[in-house]
Amino acid sequence: MTVKHVCEREQFGARLGTFQAVQQMTAVMAIDLEAARHVTRHALWRLAEGLPADREIAIAKAWTGRAYRNVSVLAHQLHGGAGYVVEHPLHRHSLRAQEAELLFGSSEEWLTELADGIRLGRGES
């Protein structure tokens, strides 16, 4: 939705998608999305193979939650004022990102879980 918007929307006599900052923002969004898919698939593969997956699940939940939040914020910035209107579909995505954190734990909670699992801060290696 956001890529389509920046490809079509004109501002300052040019399409938004021609500006370097906009291109970089959409690239960051694509990287976050692809990385979330990768870590989630890896965790699912380990589960399907019957392998231990606590670490991979914590990584997937931490990364995916953070990516969802970051992509939503960038999308709002790229849509401008329209993205903040309650009737705009983007508004629902932001609400879903917040809801997901409440239901499945925040990225910070999963990072703590991951750190505990690898015994950081306990003087052990």
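Reply: A nonpolar core is a set of buried Ala, Val, Leu, Ile, Met, Phe, Trp, Tyr and Cys residues joined through side-chain atoms within 4.5 Å. Buried means under 20% relative accessible area. Keep in mind that this model is predicted.

Start with the members. The largest nonpolar core has 8 residues: Val6, Leu16, Val22, Met29, Leu74, Ala75, Leu78 and Leu90. Two elements, α2 and α3, each give two or more residues to this core. The largest share, 3 residues, comes from α3.

Now take one member, Leu16. Leaving aside residues up to four places away in sequence, Leu16 touches His5, Val6, Arg9, Gln11, Val22 and Leu78. Among these contacts, Val6, Val22 and Leu78 are also listed in the core.

Next, the open spaces. The largest pocket has a volume of about 610 Å³. Its lining has 27 residues, and the closest to the pocket centre are Leu33, Thr64, Ala67, Tyr68 and Val71. Helices α1 (2–8), α2 (20–48), α3 (54–79) and α4 (89–104) each supply at least two lining residues. Helix α3 gives the largest share here, with 9 residues. By class, this lining has 16 nonpolar, 8 polar and 3 charged residues.

The second largest pocket holds about 160 Å³ of space. Its lining includes Arg69, His76, His91 and Glu101. Here α3 and α4 are the elements that give two or more residues. This time the largest share, 6 residues, comes from α4. The lining divides into 3 nonpolar, 5 polar and 2 charged residues.

Arg69 leads on to the charged pairs. Side chains of opposite charge can pair when their charged atoms come close. The count comes to 4 salt bridges. In one of them, Glu108 pairs with Arg69, with the closest N and O atoms 3.8 Å apart. Glu108 lies in helix α5 (residues 107–117) and Arg69 in helix α3, so the pair ties together parts that are 39 residues apart in sequence. Glu108 is partly exposed at 39% relative accessibility. Arg69 is partly exposed too, at 30%.

A salt bridge also joins Arg37 and Glu34, at 3.9 Å from N to O. These two are 3 residues apart in helix α2, so about one helical turn separates them.

Arg55 and Glu56 form another salt bridge, with the closest N and O atoms 3.8 Å apart. Arg55 is partly exposed, at 48%, whereas Glu56 is buried, at 11%.

Note on methods
Residues numbered from 1 in each chain as written. Predicted model: local features only at pLDDT ≥ 70, side-chain atom pairs only at ≥ 80, totals over all residues. Heavy atoms only, no water. 1 Å grid on protein atoms, 1.4 Å probe; cavity = no way out; pocket = protein on both sides within 12 Å on 5 of 7 lines; lining within 4 Å. Points joined across faces, edges and corners; volume = space filled by probe spheres on them. Helix = DSSP H or I, 4+ residues; strand = E, 2+ residues; numbered from the N terminus. Nonpolar A, V, L, I, M, F, W, Y, C, P; charged D, E, K, R; others polar. Buried < 20%, exposed > 50% of the residue type's maximum accessible area, 1.4 Å probe, protein only. Contact = heavy atoms within 4.5 Å. Salt bridge = Lys/Arg side-chain N within 4 Å of Asp/Glu carboxyl O.
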